[in-house]
Amino acid sequence: MSKENRKEQREEAFKTLYSMEIRDEFSKSLAYDFIDDNGFSNSNYKYYLTIVATFVEHKDEIDGMIDENMSDFRGARLSAIDLSIIRVALTEIFQMNTIDSIAINEAVLLSKRFSATDQYKVINAFLGDIVRKHA
């Protein structure tokens, strides 16, 4: 799989997790609906499906890491966008064995594109802190 394809699928996974957060509905079926609605094949969107399905399976554990780390970031608030970006990165790092620096860099890039100005700095520090604590 090319880097570009993986980056594209990571972005779609982020968008799906964001949609799940807004709907307060965390189901793997939303990922399959996305693929069906857009005419994609499961085999071409395997990385996307893996991120979404893995997050849904490990949501409580991943959200627990986020909640545990929030006390270190007093005054910081995570929007649904930021939360979704962080969830993708933590899923990749702790459940899919992606190299942490790669997952964090990709999260920063997503944040620069979709989040508030300079929020990428908070996401970078937040993820770095979690990785150091759980390494």
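I started at helix 2 (residues 29–37), where Leu 30, Ala 31, Phe 34 and Ile 35 are the buried residues. Seen down the axis of helix 2, those buried residues fall within an arc of 140°, so they line one face of the helix. For that arc I took the directions from the helix axis to the C-beta atoms. Buried here means under 20% relative accessible area, exposed means over 50%, and partly exposed is in between, with a 1.4 Å probe and protein chains only. On the other side of helix 2 I found Asp 36 and Asp 37 exposed. Just after helix 2, Gly 39 takes a positive phi of about 70°.

Ground rules, noted before going on. This is a predicted model, with local features needing pLDDT of at least 70 and side-chain atom pairs counting only at pLDDT 80 or more, while totals for chains, interfaces and linings use all residues. Residues are numbered from 1 along each chain as its sequence is written, and side-chain values use heavy atoms, leaving out hydrogens and water.

**Overall fold**

Helices are DSSP runs of H or I with at least four residues, strands are runs of E with at least two, and both are numbered from the N terminus.

Along the principal axes, the C-alpha atoms fill a box of roughly 45 × 30 × 30 Å. Of the 135 residues, 44% count as buried. I also looked up contacts, meaning heavy atoms within 4.5 Å. Among those between residues at least 6 apart in sequence, 71% join residues at least 24 apart.

**Surface and charge**

The accessible surface comes to about 7200 Å², and 46% of it belongs to carbon and sulfur atoms. The areas come from the Shrake-Rupley method with a 1.4 Å probe; for residues, only the protein chains shown count as cover. I then checked the charges: the mean positions of the 17 positive and 23 negative ones are 5 Å apart. Lys and Arg count as positive, Asp and Glu as negative, and His and the chain ends are not counted. Each charge is placed at NZ of Lys, CZ of Arg, CG of Asp or CD of Glu.

**Two loop residues with positive phi**

Asp 24 is not a glycine, yet has a positive phi of about 55°. I placed Asp 24 in the loop between helix 1 (3–23) and helix 2, and at 61% relative accessibility it counts as exposed. Asn 97, also not a glycine, has a positive phi of about 60°. Asn 97 is in the loop between helix 4 (80–95) and helix 5 (100–114), and counts as exposed at 67% relative accessibility.

**Two buried residues**

Ile 66 is in helix 3 (residues 46–70) and is buried, with a relative accessible area of 3%. Leaving aside neighbours within four places in sequence, Ile 66 is in contact with Leu 78, Leu 83, Ile 86, Arg 87, Leu 90, Phe 126 and Ile 130.

Last, Glu 12 in helix 1. Glu 12 is buried, at 15% relative accessible area. With neighbours within four places left aside, Glu 12 is in contact with Phe 34, Tyr 45 and Tyr 48. Phe 34 was already in my notes as one of the buried residues of helix 2.
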